[in-house]
Amino acid sequence: MLRLAPVLIIGLLVLPVGSGLLMVLLPAFGYLPALGGYGFSLAPWQMLFAQPGLGRSVAVSFASGLVSAALALAIVVLFLAASRGTWLDRSIRRLVSPLLAIPHAAIAFGFAFLIAPSGLMARLISPSLTGWERPPDALIINDPWGLSLMAGLVLKEVPFLLLMSLAALPQLAPEKRLMLARSLGYSPTIGWLKTVLPSLYPLIRLPVYAVIAYATSVVDMALILGPTLPPTLSVSILSWFNDPDISHRFMASAAAVLQLGVTIAALLFWWLLEQLTRILTRRWLTNGSRQGGEIALRVVGRSALLFSSITALAALAGLGLFSLAGFWRFPEVLPQMLTLDHWQRSGPMLVTPLINTALIGLISTALATALVLATLENEHRQHIQPKRALWLLYLPLLVPQIAFLFGLIVAAESLGIRPPLGLVIAGHLLFVLPYVYLSLAETYRRLDPRWLKVARSLGVSRSAAFWRVRLPLLIAPLLTAFAVGLAVSIGQYLPTQLLGAGRVTTVTTEAVALASGSNRRLIGVWALVQAGLPLIGFILALGVPRLLATHRRDLAT
Amino acid sequence: MTTSLCAPLSLGQTLRLEHISIALAGRELLAVDAAIAAGEVLTVMGPSGSGKSTLLAYIAGFLDREFTASGGVWLGERDLLGLPAEKRGIGLLFQDPLLFPHLSVGGNLRFGLPRSSKEKHQQVSQALEQVGLAGLESRDPATLSGGQQSRVALMRLLLSKPKAVLLDEPFSKLDTALRQEMRALVFSQLREAGLPALLVTHDHADAKAAGGPVIELG
Amino acid sequence: MPIQHLPLRLTLATAMLALALPTMANPAPDDWQGVLAEAEGQTVYWNAWGGDTRTNRYIDWVAEQLQAQYGVEVEHVKLDDTGSAVARVLAEKQAGNHDEGSIDLIWINGENFAAMRENDLLFGPFAEALPNFALTNPDENPEVVTDFTLPTEGYESPWGKAQITFYYDSAQTETPPQDIQALLEWAQANPGQFSYPRIPDFTGSTFLKQALIELTEQDEALYQPVSESDFEAVTEPLWAYLDALHPHLWRSGRAFPDSGPNLRTLMSDGELSLAFSFYPTDAAVAVMEYELPDSVRSYVLEGGTLGNVHFVAIPYNSPHKAGAMVLANFLLSPEAQAQKQSLAMWGDRSVLDIDQLDAETQALFEQGDRHPSELPADALSNTLPEPHPSWMTALQDAWLERYGVN
């Protein structure tokens, strides 16, 4: 059974992505019999390239992926380099991991309200400092070059990269490296950058690639914060797929293929940047400079992460305020009155989506965790090195959702697979599994093998050792991985909506549907519910091991 | 101490290592041919990299696939090589005590007891008493001193009723005073239990204290 | 389905039928008792835009009634864009799912209806067979059987009425513009305080049509397919107007609000001073829900504004057509129409010919005092009919061509 796990896991991920891509590729070249497309043609591409502003759409998608990933990576790396395990550093870390749980859309809504000309920040300084009695007519959100979109993406990518780095760091024994560097006269931050970072980067390269792929093709955040004239490529694709003029679907398919190309191009470009950086820093690593810029780096390292975390939290606070707001005119900092009306009206409508969200999240994450554990345990028992094929695990993270989900529906329909709930769970599994694997694999492989040797030499069988020693020892990372999986599942919009035929309503699909009504008070309510669920998951994940371990000092860390 | 819990229940069996040869990438690392009688400690000495720990892994059933090995491992009349690690009846003691942090001191000891054992509670408390740790069942292992942890690890090993014991530099992390005390405790307990034991170390004092034959590797 | 594909499909279908569940035969709309009987116990998946809690609440109420009165369960599938439901039915057709579709009823009109009809994605005719349909008095009210100039031919059943309604904050603006030309002057005097939703948004596209009707001399051309007239010549005044208007819009026309409801949020934030909605009661509702100040007033342009009827339709592959028809019929009942019209519930106008109803039923539709932010009832008499749906798409494409890249 266990031996089947890797095959199963890869099949589960590769088949849907592959068949989805195929069913997009065919119409992209004119083949879609239901619409009378029986032959192959380049017409969809001609139509696509005739779209006004396509070049800009592609440029913004490409740039927002690279810029936001680079910024987020810089913030995380500088923080890790500058952090010294002080109280402040630990608090910042603790602040960041729950931010990972908050869905992109919720952050985007809150962030938009924070920075809009009539938003919280403008209100805080108006009219006292600015003299603004009316909001200034300034184009901040939806700016044509996607700057606010990039900023929003950074807010979400920082917690993810930080968590991935923190998971990878212990195996590098950074304290020892740093001690060595400092004994050789290096200042701490420079020493970290020169001795730890070069080994850390290869370990978080894959998460960085996932971030780039995500950012080049993101839909929900781009809808809220991204440019509009023209929108990003992914947003255009969505609207073309949904266009009642059905012939647009050929063009949408071609655009989906183009999106895949843009994402791959961005990844390739990043790879080139990596090579370039390696060459350019080769001399710097060994040139003996030990002190230069220490203070500046330290200040930037701490303040950048603190700033991005506080911004994300302020965005949430803004949502909270709006969910309770009565009438609230600019430039008042607080609403004229607070009311529970919005919550009360939403209350009854929350029940079914909440149940569905929990059900789908728990089942898909449980399945994903079981599969990942089975794969890792198999790897351990067969004494095999992590297979190269496991790269395929990350396929759903690297191939843009928008590029294969529409095709996947057609594929599922053709096979006559129509239980919406089951399909949705399977769809979530596609995205949950890689994240669970990403969060768990390293710790799992790193667990001291002597623990299991001791257990087995005490007469305990392999399976029993797995259940009685490995799992309890890994309880903390296991729960964190579970919470990450849950958060990923809860945030899914497109897979839920498309695979569930809209029949499976989750907190996220409801929030998005309501968002089209643009009622910010209701959006506040739903975005908070959406953010609250995974947050509960994270608090449990962090709290349960601590609770279990109140009498076990070595487990509590 | 009237009822030693590890009193020879039956006469111990001999652990025989027949023409063992272990190679890595076609290069022979070590070759051993020895028999260890019940109550005897065989010491294998050698610098690091000489393959001492690999030998233990082979005997206990944990050898990594990259190694190739030949030769027989017999306990009495039983061929151990065909058995999975947990069925071999070979106990291990490492340089770290490796007490499971998710279990209490008592839990660690119970973990070693065979499922069918009777009066587990009593056995555990006797074992603790035997090493001067009476009444510490419910303590968190992390709160014990290094020496105390080593003693609990030894008792956990013995409670599991092994047929032979492998010691992987078990004293190297202890300070000098503690090291002598632990040596005395471990070897006396092993002798009393009538178990064949294989000790790998690079410390001559260990070999001397063990009192048995010595093989030098490397 | 192309004829040459029939034999293969037929064999496949027969083979599958042998294995499959009870045969899916379409119910006969004329046998209403039969429809009622078949509907009982069915679950109807009703795909309807879900952006408004009041609409959602009304649909919840409908669901309760249908369960209690007919034993039909209604599930509201909330859409953010009706186009996605059209795309869904299409995807199902593409995959050969001809009788197990996931959508039983769609809230629809205009270009979406035209697209579904054109691609044979709808079931019908059924509307005329609904017992309550006669209450709309279609002979006197042709708008209930005409959707953007296209005859509905019984493929959709009327549900409610919408009309472009402007609103402004009377505390800040005393004399709002009364026609499209005056709007330009107003925008010049109040830069950055007016905008319309970004095309291809439905409400935004309607604004283009409203302006076009007022500006062009060739009104009759708009009620024919666009291919039958000189698009450039007809629309030329519109582009000239927009070129003049855009620099004075919100964000100087470099960005547009993303939807009709978004105009309301921008009003609420104080970014806009004048806005419009497709729902005549929108402003009053927003005041009741704390979104707008109570000094907001609604009005209709002097020459009238575009209005239309919105409908419900049944996809050709719905497995619960009987249930969907029972639902569509209930939506036309005086009880349901009166609830819908009440401001406390939703505030969407009725499609029934209320004067034709008996006095007792008419009483259902009587509202209490008018909300001060609401439009006077007589203001809606001046309704301009919707142009042919092909104009909407043509205008959208031309707009995106001109203004789609800033």
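Let's start with strand β8 of chain B. Ala197(B), Leu199(B) and Thr201(B) point one way from β8(B). Leu198(B) and Val200(B) point the other way. All of these are buried. Keep in mind that this is a predicted model.

Buried here means 20 or more other C-beta atoms within 10 Å. Five of the five residues of β8(B), residues 197-201, pass that test, so the strand is largely enclosed by the rest of the structure.

Who are the partners of β8(B)? On one pairing we have strand β3 of chain B, residues 41-45. β3(B) and β8(B) run parallel and are joined by five bridges. Met45(B), for example, has Thr201(B) as its bridge partner. Then there is strand β7 of chain B, residues 164-168. β7(B) also pairs with β8(B) in the parallel sense, over four bridges. Here Val165(B) is bridged to Ala197(B). How does the chain cross from β7(B) to β8(B)? It goes through helix α5 of chain B, residues 176-193. That β-α-β crossover is right-handed.

Staying in chain B, next sheet. This one is open, with four strands in the order β2-β1-β4-β5. The pairing is antiparallel. Which strands stand at the edges? They are β2(B), 27-36, and β5(B), 78-79. Each has a single partner strand, so one side of each is left without a neighbour in the sheet. Further in, β1(B), residues 15-24, pairs with β4(B), residues 67-75. That pair is antiparallel and has eight bridges. One of the bridge pairs is Ser21(B) with Ser70(B). A helix packs on this sheet: α1(B), residues 52-60. α1(B) touches β1, β2 and β4 of chain B. The direction of α1(B) makes about 120 degrees with that of β1(B).

Now a sheet in chain C. Three strands, open, order β8-β7-β9, antiparallel pairing. β8(C), 274-277, and β9(C), 296-299, stand at the edges. Each of those two has a single partner strand, so again one side of each lacks a neighbour in the sheet. Neighbouring strands are turned by 30 degrees against each other on average, direction ignored. β7(C), residues 165-169, and β9(C) share four bridges in the antiparallel sense. Phe166(C) has Tyr299(C) as its bridge partner there.

On to the chain contacts. Two pairs of chains touch, and the pair with the most contacts is A and C. That contact takes 58 residues from chain C and 50 residues from chain A. On the chain C side, several elements supply at least two residues each, including β1 (43-49), α3 (53-70) and α14 (389-403). Which element gives the most to that side? α4(C) does, with ten residues. By class, the chain C side has 18 nonpolar, 21 polar and 19 charged residues.

Then the contact between A and B. Chain A gives 19 residues and chain B gives 22 residues. On the chain A side, α19 (449-457) and α20 (462-473) are the elements that give two or more residues. The largest share, six residues, comes from α19(A). The chain A side divides into eight nonpolar, five polar and six charged residues.

What about chains B and C? No contact joins them. Their closest C-alpha atoms lie 48 Å apart.

Next, the cores. In soluble globular proteins, nonpolar side chains tend to be buried together. The largest nonpolar core here has 229 residues. Leu161(A), Leu433(A) and Leu327(C) touch the most other members. Helix α18(A), residues 420-446, gives the most to this core, with 15 residues. Take Leu433(A), leaving aside neighbours within four places in sequence. Leu433(A) is in contact with Ile9(A), Leu13(A), Ala368(A), Leu371(A) and Val372(A). A second, separate core has 67 residues. Its members include Val460(A), Ile22(B), Val44(B) and Leu159(B).

Is Leu4(A) buried or exposed? Exposed, with 12 other C-beta atoms within 10 Å. Leu4(A) and Ser323(A) are 319 residues apart in sequence. In space they are 49 Å apart, C-alpha to C-alpha.

How values were computed. Residues are numbered from 1 along each chain as its sequence is written. Chains are lettered from A and ligands numbered from 1 in the order in which they are written. This is a predicted model: local features need pLDDT of at least 70, side-chain atom pairs count only at pLDDT 80 or more; totals for chains, interfaces and linings use all residues. Two residues are in contact if their C-beta atoms, placed from the backbone, lie within 7 Å. Ala, Val, Leu, Ile, Met, Phe, Trp, Tyr, Cys and Pro count as nonpolar, Asp, Glu, Lys and Arg as charged, and the others, Gly among them, as polar. Two strands pair if DSSP finds at least two bridges between them. A crossover is right-handed if, with the strands pointing away from the viewer, the path from the first strand over the helix to the second runs clockwise. A nonpolar core is a set of buried Ala, Val, Leu, Ile, Met, Phe, Trp, Tyr and Cys residues joined through C-beta atoms within 7 Å. Axes are lines fitted to C-alpha atoms, for helices over the stretch in contact, and angles run from 0 to 180 degrees between N-to-C directions.
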